[in-house]
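Please keep the viewer open while you read.

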Amino acid sequence: MGQAPSTGQGYSPGNSTHLRNPSLSLHHHRYTVNDLNLINSQLPEDIFVNQQEDYISEIPDECLALIFQSLSSRDRKQCSLVSRRWFAVEGQSRHRLALNATTEVNVHLPSIFTRFDSITKLALRCDRKSLSINDEGLTLISMRCQNLIRLKLRGCREISDQGMYALGQNCKSLRKFSCGSCMFGVKGMNALLNNCSSLEELSVKRLRGINDGFVDEPIGPGAAASSLKSITLKELFSGQCFGPLIIGSKNLKTLKILKCLGDWDSLLETIAGRKNYLTEIHLERLQVSDIGLMAISKCPDLEIFHLVKAPDCSNEGICAVAENCKLLRKLHIDGWRTNRIGDEGLIAIAKNSVNLVELVLIGVNPSSVSLMAIATNCQKLERLALCGSETIGDPEISCIAAKCMALKKLCIKGCRVTDSGIEAFAYGCPNLVKIKVKKCRGVTSEVADLLRASRMTLAVNLDADEIEQEAMDVSASDEGAQDDGVELPPIVSGTTIGGGGSVSAADAAAPSTSNGTRSSNKSRFSLFAGRTFVACAFRRLSNGNGNSKDSL
């Protein structure tokens, strides 16, 4: 945009103007566009418009960088287009960057990291249908970003052990590394661990390359033996090759093993046989039994334990963990409805876990005895979730409402609970701030209205409201179909639509979506259409019979 020259300071858009002549000052009056044009046309030659000072240009680069850091990524992009200076400061002050790491980006990497030369947190993602950046691209990135402390690789299948070796050599300050659906192998992982002595968090998901040669060369901690604090392994066929890494990490605090093949009992026993500092353990869909749980019970500092869908675990292992891990604060158990974990294990938890703050029970069938023990003894319990239980009903829920004084959040899903049990929370659990009830057929929207009326600050989330609203829609549509039964329902693209509604051919033929919205609408329309058609048919038959009688 062009700017008019002036004898004063340069004009920049957005700043207000003022006149030298006080009698013509525009600060104390409101003018229309026509008024301003008239004034400007009558100004003498010695009167000119001056621009106020541009204070933004006086902000130091350091302060401008701090302002950019408080903005969202989208706003930062917009600000970088204001001027060359802002463009440079925004690029130099950006520390976090995410790239679509396809092979096409290789040629642009030098210019990208010339502008963003202070990146410390980087994410490289590539979808399944595209070729990712290769070893050459990763090597260039590692040379340009030697201060990198976080790196995430997703779907970078063209990166091999050679690229990982360059990464380890150039980015020795790396603290967090995460990879998923990559193809490099054991040598690449060891190259990273042998060079990054500051590595604290390692997350590996679907690493296909470790299937080759893991027997001859297991993955060890290397230089990261003293720094590693968190290890996450997910969906690995050969997860056992990470055993030396887990065992050799001296200061490991968090261990998550999710959906990995192999028998993990022996590894857990080895870990428990040495001094460890584990405070958080997640086991999900593993071949682990009570032997592994008894090994976990030898971790005295354990505070968070998740046991999800491990069918070989029973009350015996849960009791061992509860009796020996006295510092438990968060406990998640998904019994997978095998009925191997029940009252015995839950009573042991109630007696020993006095510091329990969060408890999630899924697919577990406790009785009122164990729930009474938990509600009575776990006085610090703030978050409770009960899902998919066939034995939890109104008496158990009423006990929780009466005993759990510290409870703040409650979730009940798929249990045999009715309005009578939920009503207890109108006055029970004085610290309750949120309650969620899902897939409990005995709970209606009336109890939700009661809770909202009695406790204004309580957030109530019930799917009964949605179900009853749909029922009302069905009822209203049925009535409309009977009133308008003299007309045949329209047929759109071979689909009969009734109930006074109109649907386009494209909507009628639209495929089902992932969340089931389209399918539910189609079934609802089909229901209305069927009822409307039957009502019309009966009325036509009755009218026809009546006419025939009259004719006779």
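The numbered points below go from overall make-up to single residues.

1. **Basis.** This is a predicted model: local features need pLDDT of at least 70, side-chain atom pairs count only at pLDDT 80 or more, and totals for chains, interfaces and linings use all residues. Numbering runs from 1 along each chain as its sequence is written, and side-chain values use heavy atoms, with hydrogens and water left out.

2. **Overall make-up.** The protein has 20 helices and 19 strands. Helices (H or I, at least four residues) and strands (E, at least two) are DSSP runs, numbered from the N terminus. Of its 552 residues, 43% are buried. Buried means under 20% relative accessible area, exposed means over 50%, and partly exposed is in between (1.4 Å probe, protein chains only). The exposed surface comes to about 29300 Å². Carbon and sulfur atoms supply 52% of that surface. Areas come from the Shrake-Rupley method with a 1.4 Å probe; for residues, only the protein chains shown count as cover.

3. **Contacts along the sequence.** Take the contacts between residues at least 6 apart in sequence: 72% of them join residues at least 24 apart. Contact here means heavy atoms within 4.5 Å.

4. **The cores.** A nonpolar core is a set of buried Ala, Val, Leu, Ile, Met, Phe, Trp, Tyr and Cys residues joined through side-chain atoms within 4.5 Å. The largest one holds 122 residues. Which members touch the most others? They are Leu124, Phe177 and Phe305. Leaving aside neighbours within four places in sequence, Phe305 is in contact with residues including Ile281, Leu283, Leu293 and Ile296. Its partners also include Val321, Leu328, Lys330, Leu331 and His332.

5. **Helix 2.** In this helix (residues 61-69), Leu64, Ala65 and Phe68 are buried. They cover an arc of only 105° around the axis, so they sit on the same side of helix 2. The arc is that of the directions from the helix axis to the C-beta atoms. Glu62 and Leu66 are exposed on the other side of helix 2. The buried residues of helix 2 pack against helix 3 (73-79) and helix 4 (84-93). An α-helix has 3.6 residues a turn, so residues three or four places apart point the same way.

6. **Helix 10.** Here (residues 265-272) the buried residues are Asp265, Leu267, Leu268, Ile271 and Ala272. Their arc is only 165°, which puts them on the same side of helix 10. They pack against helix 9 (243-248), strand 9 (254-258), strand 10 (280-284) and helix 11 (290-296).

7. **Cysteines.** How many disulfides are there, counting pairs of cysteine sulfur atoms within 2.5 Å? The count is 0. Take Cys260: the closest cysteine sulfur, in Cys241, is 9.7 Å from its own, too far for a bond. Cys260 is buried, at 3% relative accessibility. Cys313 is also buried, at 1%.

8. **Positive phi.** Most residues other than glycine have a negative phi. Cys429 has a positive value, near 50°. It lies in the loop between helix 16 (419-422) and strand 16 (434-438). Phi of Lys439 is positive too, near 55°. Lys439 is in the loop between strand 16 and helix 17 (445-454). Are these two residues buried or exposed? Cys429 is buried, with a relative accessible area of 0%, whereas Lys439 is exposed, at 60%.

9. **Ser132.** This residue is in the loop between strand 4 (121-125) and helix 6 (135-144). Ser132 is buried, at 3% relative accessibility. Polar contacts are pairs of N or O atoms within 3.5 Å; within protein, one must be able to donate a hydrogen and the other to accept it, and residues adjacent in sequence count only if both atoms are side-chain atoms. The Ser132 side chain has a polar atom 3.2 Å from the backbone nitrogen of Arg157. The side chain of Ser132 also reaches the backbone nitrogen of Glu158, at 3.0 Å. Beyond four places in sequence, its contacts include Ala101, Thr102, Thr103, Cys126, Gly155 and Cys156.

How values were computed. A disulfide is a pair of cysteine sulfur atoms within 2.5 Å.
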